[in-house]
Amino acid sequence: MNRRLAALLSFFALSCLASAATPEKPNIIFIMADDLGYTDVGTFGSKYYETPNIDKLASQGMKLTSHHHCQNCQPTRAALMTGQYGPRTGVYTVGGIGRFEWETRPLRPVDNVDSLPLDKKTVAQAMKAAGYATGLFGKWHLGEDKEHHPAARGFDEAIVSAGKHFDFKTNPKADVPEGRYLADFLTDKAVDFIQRHKAEPFFLYLPHFGVHSPHQAKEELIARFKDKAPAGGHKNPTYAAMIASVDESVGRVMATLEELKLAENTVLIFTSDNGGVGGYEREGVKKGGDITDNAPLRSGKGSLYEGGTRVPFIVRWPGVTKAGTTCDVPTIHVDVFPTLAEIGKAAAPEGQPLDGESLVPVFRDPAASLKREAIYQHFPGYLGAGAGTWRTTPVGLVQSGEWKLMEFFEDSRLELYNLKQDIGEQKNLATEMPDKAKELHAKMLAWREAIKAPMPTPNTPKSASSTAEPEKKGKGKGKGKGKKKKNAADE
């Protein structure tokens, strides 16, 4: 009897140890701001904007200081959802190629896809198959008809809204309290989702429309910044108030996790979809109108210089990320899908290659190395800034460690920067270091061939006046000549 009792106790003890060594699947919350620049939060450098909750999150987790998304929002969202670069999804920018007068330039852009192709599986579908409850509240921007709506792409619950911060509409239609601010409404839905799914693993995607134009904010928050002294190019009280609302959202989510005792088993990530709307005056592409400044980074949204693609990225994973740490390893949007899949023990979609790499190793150890040699961007189009100026012309880039090479397709010009020594990309080293430029260019060409990246084709430039007529005809969607905007720097 004593032997049997001892054996049972031993088995029970081993079972307990095994259970302790195999924690339950963590919840995952991915919060993304819209158009929030790299230095638009306190922990990434702002001395004017106030982000106490985001700063607290960073103090409790890890900051990725060299994380990159696309130059504007739609391609970033496609890459996050699919784990694939633009050449595989066809999503390179927002809307059709006719939004800007490419006819005046020497290249015809590659046609753009503006709804996520239905043959692409999303990270939400992978998480759902792994047993997660899935929810999205905010800006989807990958198609809102019945087939493309997030409710048909792996999200159990999905309410989409963007375009206005007050008096907004939702898809599907939801009851919205009169005068409610969009960021607050989306956070209401997110908190409710957490509360209802606290007893099971959940994946919550909270893509805010803030701080995208139109620049609208709550009056009491605007008043907080009206008399505050500008700092580092940050000076707009309304924009500061919009950032404060996004920060309030992060704080409410964090407080909810604490109240429900879920914080220790939740991976919480905060980021932005692209760079901030600023830096254009310094770049010489606009005479005024910058809402923020991404300094020391060059340029802003719509550019593939660092100000347009480098974004704040913070992850808090209790027991895995060490509090207050930073990681300088270059990372990119396509890494998010494999990262979340590993965290949630979800299978990769069959027949859909994932272009990124799981970031779990660097979450555990910021000094760890990833397997790949480089990250890439491919933009075969144009993004205007109004009055015949351009935030970018067709360009591709490769970044390997501290080295970044850009190839501008109109004239095959190469620009080489050492981002560790020159984060502002002021000194082009392509002529001074031809061997390094050749080495990185070879990597880019090999990647472009492997991924079958389409290139823009030759065009005989026309004068701006001769391209004005299509403005009256285009509808701005799909692959056609979308309606041109006189000043479209917001996208």
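These legends accompany several close-up views of a predicted model. Residues are numbered from 1 along each chain as its sequence is written, and side-chain values use heavy atoms, with hydrogens and water left out. Because this is a predicted model, local features need pLDDT of at least 70 and side-chain atom pairs count only at pLDDT 80 or more, while totals for chains, interfaces and linings use all residues.

**View 1. Eight strands form an open sheet with mixed pairing.** The strand order is β6-β5-β7-β1-β8-β9-β2-β10. Strands here are DSSP runs of E with at least two residues, and helices are runs of H or I with at least four, numbered from the N terminus; two strands pair if DSSP finds at least two bridges between them. At the edges stand β6 (157-160) and β10 (325-327), each with a single partner strand, so one side of each has no neighbour in the sheet. On average, neighbouring strands of this sheet are turned by 15° against each other, direction ignored. Look also at β8 and strand β9 (residues 313-316), which run antiparallel and are joined by four bridges; here I269 stands opposite V315 in β9.

View 2. Contact means heavy atoms within 4.5 Å. Axes are lines fitted to C-alpha atoms, for helices over the stretch in contact, and angles run from 0 to 180 degrees between N-to-C directions.

**View 3. Helices α2 and α8 pack at an angle of about 50°.** Their axes are 7 Å apart. That angle makes α2 oblique to α8 (under 35 degrees counts as roughly parallel, over 145 as roughly antiparallel, 65 to 115 as roughly perpendicular and the rest as oblique). From α2 come P52, N53, I54, K56, L57 and Q60, which meet D247, E248, V250, G251 and M254 of α8. By class, the residues of this contact divide into five nonpolar, three polar and three charged (Ala, Val, Leu, Ile, Met, Phe, Trp, Tyr, Cys and Pro count as nonpolar, Asp, Glu, Lys and Arg as charged, and the others, Gly among them, as polar).

**View 4. Helix α6 (residues 182-196) packs with helix α8 (residues 237-259).** Their angle is about 15° and their axes lie 10 Å apart; α6 and α8 are therefore roughly parallel to each other. On the α6 side are A183, D184, T187, D188, V191, I194 and Q195, facing S245, E248, S249, R252, V253, T256 and L257 in α8. This contact of α6 with α8 has five nonpolar, five polar and four charged residues.

**View 5. A four-stranded open sheet is antiparallel throughout its order β12-β15-β16-β17.** Its edge strands, β12 (375-379) and β17 (413-418), each pair on one side only. Six bridges join strand β15 (residues 395-400) to strand β16 (residues 403-408), and L397 stands opposite M406 in β16. Helix α13 (residues 434-450) lies across β12, β15, β16 and β17, at about 65° to β16.

**View 6. A salt bridge joins the side chains of D273 and R77.** The N to O distance is 2.9 Å, where a salt bridge is a side-chain nitrogen of Lys or Arg within 4 Å of a carboxyl oxygen of Asp or Glu. D273 lies in the loop between β8 (266-272) and α9 (280-283) and R77 in helix α3 (residues 73-82), so the pair ties together parts that are 196 residues apart in sequence. The structure holds 28 salt bridges.
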